[in-house]
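Here are my notes for a first read. Have the structure open beside them as you go.

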Amino acid sequence: MTTRGLVLGGGGVLGAAWMIGALGVLEQVVGVDAREFDYIVGTSAGSVLAGLLGAGVSVRELADHQRGHVTEGPLADLEWDHKNATGGSHPPRPKLGVGSPAMVARGLRKLRRMPPTAVLAAFAPEGRGSLDNVRELISAAAPNGGWVDRDGVWIMAVDYEDGRRVVFGREDEPAASLADAVAASCAIPAWFAPVVIDGHRYIDGGAWSATSVDVLAGLGLDEVYVVAPMASGEVDRPPSIVGKLERRWRSRTTRRCLREAAVLKAEGTNVTVLGPGPDDLRAIGANVMDVSRRLHVLETAAWTTERALKRGGIRDSKPPAT
């Protein structure tokens, strides 16, 4: 029997739309329902999808939710305003001051043990945005106030006091409700307020890694599929300065993802990494929180992912820079 893992990365509301389109194709090509992967790991936007899949929401229902006409399943009765549910396309003004002085101090002492993104997140001011709507979305699918009724659903976050990467849902990690864990994983520094769970503040798991593929190491899985909105083996050449900077950041994120994947490959796991190509990137644009583009991104991902799977996903360890 083949054992499989699914990793869903961070990438904002448009990253979520892209992943849903990609997952629809992945199910058809691989021949497995995304809900039936042995392990589902989610970070930031990917944590929302991981939580919903783990709670039994199908990819088709996720796509219908994006289109605004869910007719069955736990999301059918949920009122969801795509334009305003996550606070809009731009963050509210953050609070003044360093978000986590304790994490800054730890990061400066142990720079080699913490990713630069985690150190930057510590310096970032505390956000004011609310994730209550995300909690309501997850609670609609997992209404018991606890975790999902299956093992292997892992939600990535970062402890905002000590800078440690936390894998909610794993037995050796702190306990949390699924709704709180997903909200924590989505708490982008300087945009959303940190999420407090049992007295600890947590922020976006993307502060550590946009994918965290390596948490699946040592499980002896046969196959792992990584659906990563912030990773690209091939990019376009946007004319704007913002676009060029984003592509440089994307290049770094891709290399990090592939290094994590290499850990599993060294153990004999077959890893396929999927990320947006040039057509997807043009559909996404410069702001991954621009909800007005989500349906275009969803539809674009459906045909670009099929092509990417035929190529075997992202393989180049050094994606081209802009």
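1. A quick term to begin with: a residue is buried when its relative accessible area is under 20%, exposed when over 50%, and partly exposed in between (1.4 Å probe, protein chains only). At 0% relative accessibility, V224 therefore counts as buried.

2. Some ground rules. This is a predicted model, where local features need pLDDT of at least 70, side-chain atom pairs count only at pLDDT 80 or more, and totals for chains, interfaces and linings use all residues. Numbering starts from 1 along each chain as its sequence is written, and side-chain values use heavy atoms, with hydrogens and water left out.

3. Now look at strand β1, residues 4-8, which is mostly covered, with 5 of its 5 residues buried. From β1, R4, L6 and L8 point one way, while G5 and V7 point the other way. Helices (H or I, at least four residues) and strands (E, at least two) are DSSP runs, numbered from the N terminus.

4. G5 has V224 of β7 as its bridge partner, and L8 has G42 of β2.

5. Back to V224, which sits in β7. Leaving aside neighbours within four places in sequence, its contacts (heavy atoms within 4.5 Å) include G5, V7, L216 and L264. The C-alpha atoms of V224 and V273 are separated by 8.4 Å, with the two residues 49 apart along the chain.

Notes
Two strands pair if DSSP finds at least two bridges between them.
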